[in-house]
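Here is a walk through one protein model, written for someone opening it for the first time. Keep the structure on screen and follow along.

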Amino acid sequence: MKTLQDWLGHLENAYTGGVAHSNGVIDMGLERVGAVKEKMGLKPACPVVVVAGTNGKGSVCAFLARIYTEAGFKTGVLTSPHILRYNERIRIDTRPVADEAITAAFERIEAARGDIPLTYFEFNTLAAVDIFCREQVEVMILEVGLGGRLDAVNVFDADVAAVTSVDLDHQVFLGDTVEQVAFEKAGVFRTGKPAVCAQHPPPESLRRHAEDIGADLLLVGRDYGFSRLEQQQWSFHWHPQQSTWFSGSRNRNALPLPALRGAYQLNNAACALAVLECLNSRLPVDIGAIKRGLLTVVNPGRFQVLPGRPLTILDVGHNPHAARAMRQSLMALPFAEKRLAVFSMLADKDLAGVVSLLKDQFDEWLVAPLAMPRGLSAEALQERLAAAGVENVRRFPDVASAYRAALSEAGENDRIAAFGSFHTVAEIMALLPPQE
């Protein structure tokens, strides 16, 4: 039997870039993965939550998984991509599943698919749901990989769907305008089911699609909201205004600030609590579980502050929407004498858009290539930074070398931020002690 690494190598080599037509365009339709799902008889018996969004969806999944686990429900969560180990993508009760469970699921998928080609992510999605069904989890939380309407996760009907945010990313697949992207993400909504939107105001195409299909749209700022209080606390407000399913109101007061750093995490936490309210009749959660979940939630690489000095931040943000959130969080930090960026991005990302938002937050940029086909060379990174108006740049052969150089020269009152890609953060996290 193949090991997990054997399988991953096979999937990466056999299906690199997805399933392509002769013109090289990825086939993102649901027909293939839907056919294999039916052959495998994958029909979740528990509530399914589907989370889409340009940014924030991983954090919302992390909040939901931790709170439901604290409430005593057996919880399955699918997220992507992973940072260090593939197993991070498929978790039960917030713990990565074992290699053996994943390889067994891959074997079952391989046996069922026959001559139907599947992408790496389609294998990933089917394996997660197969494992969750066999483990008889009590709630499944599925994070969309790309878009929503044509993403593999969308072959499973959401009992509650959430869209965390909408902005430009993956334009080749999702469109060149926010309204086009919003329509793709709204594709996870279902008729007669709650659809939570954490962006205010919502894109018109998202609102219109929810209305056209008869989804029960619940909007931040109208149907739910949150307020920051003194003494490191906040409140969640649930007051559906135009819902056909929910009535009444509820306040959850004196909540602790989330363990995830960044002011934007309150919006993500509120989105998660709105999902909890939608499923409250089937999965009741007490205030104690909510508070424990907020305090113990973990989602590495999302404005993650490492212990010790100098202050060091890891952030996987790789688009302008994430850069705006990162900028806000950096500006809220204490004064730093010297601010160092350890930076690398992939060639198909909006580097100029990210850098334009963050260039005034750093005194020096340490850049390095990512060892993958879509990675930019150090020279190309420096050229693009120069075109964006950044001049104080040093090149290194790899991200680890850049990070070590930053650590060696940073004083206790300086700050290091490593960002630009999941791969950038992964190379640094590989250097850290396991407990971090």
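## The nonpolar cores

Let's start inside this predicted model. Its largest nonpolar core has 57 residues, and Ile-90, Phe-106, Ile-109, Phe-132, Leu-142 and Phe-189 touch the most other members. A nonpolar core here is a set of buried Ala, Val, Leu, Ile, Met, Phe, Trp, Tyr and Cys residues joined through side-chain atoms within 4.5 Å; buried means under 20% relative accessible area, with a 1.4 Å probe and protein chains only. Helix α5 (residues 120–135) gives this core its largest share, nine residues. Apart from that core lies another one of 45 residues, including Ile-67, Val-77, Ala-270 and Val-285.

Take a look at Leu-142. Leaving aside residues up to four places away in sequence, Leu-142 touches Val-48, Val-49, Val-50, Val-51, Leu-78, Val-129, Phe-132, Val-153 and Phe-156. Contact means heavy atoms within 4.5 Å. In soluble globular proteins, nonpolar side chains tend to be buried together.

## Ground rules

Residues are numbered from 1 along each chain as its sequence is written, and side-chain values use heavy atoms, with hydrogens and water left out. Since the model is a prediction, local features need pLDDT of at least 70 and side-chain atom pairs count only at pLDDT 80 or more, while totals for chains, interfaces and linings use all residues.

## The whole protein

Zooming out, the protein has 15 helices and 17 strands. Both are DSSP runs numbered from the N terminus: helices are H or I with at least four residues, strands are E with at least two. The C-alpha atoms fill a box of roughly 55 × 55 × 40 Å along the principal axes. A compact globule of 436 residues would have a radius of gyration near 22 Å, and the protein's 21 Å agrees with that. That radius is taken over C-alpha atoms, and the globule rule is 2.2 Å times the number of residues to the power 0.38.

Buried residues make up 58% of the 436. Among contacts between residues at least 6 apart in sequence, 71% join residues at least 24 apart.

## A three-stranded sheet

Now find the open sheet with the order β9-β10-β11, where the pairing is antiparallel. Strands count as paired if DSSP finds at least two bridges between them. The edge strands are β9 and β11 (250–256), each pairing on one side only. From one strand to the next, the twist averages 20°. Angles run from 0 to 180 degrees between N-to-C directions, using axes fitted to C-alpha atoms, for helices over the stretch in contact.

Two helices pack on this sheet. Helix α9 (residues 265–278) touches β9, β10 and β11, and its direction makes about 40° with that of β10. Helix α10 (residues 287–296) touches β10 and β11, at about 40° to the direction of β11.

How many bridges join β9 to β10? Six of them link β9 (residues 224–229) to β10 (residues 233–238). Tyr-224 stands opposite Trp-238, and Ser-227 has Ser-235 as its bridge partner. Three residues sit between the strands of this hairpin, where Gln-231 takes a positive phi near 60°.

## A six-stranded sheet

Another open sheet runs β12-β13-β17-β14-β15-β16, with mixed pairing. β12 (304–306) and β16 (393–395) are at its edges with a single partner strand each, so one side of each has no neighbour in the sheet. β17 has parallel partners in β13, over five bridges, and in β14, also over five bridges. Leu-311 partners Arg-415 of β17, while Val-342 stands opposite Ala-418.

Which residues of β17 point one way, and which the other? Arg-415, Ala-417 and Phe-419 go one way and Ile-416 and Ala-418 the other, and all are buried. Helix α14 (residues 399–409) lies across β12, β13, β14, β15, β16 and β17, running at about 170° to β14.

## An enclosed helix

Finish at helix α12 (residues 351–358): six of its eight residues are buried, so the rest of the structure largely encloses it. Those buried residues are Leu-351, Gly-353, Val-354, Val-355, Leu-357 and Leu-358. Their cover includes α11 (320–331), β14 (339–343), β15 (364–367), α13 (378–387) and β17 (415–419).

Key: Buried < 20%, exposed > 50% of the residue type's maximum accessible area, 1.4 Å probe, protein only.
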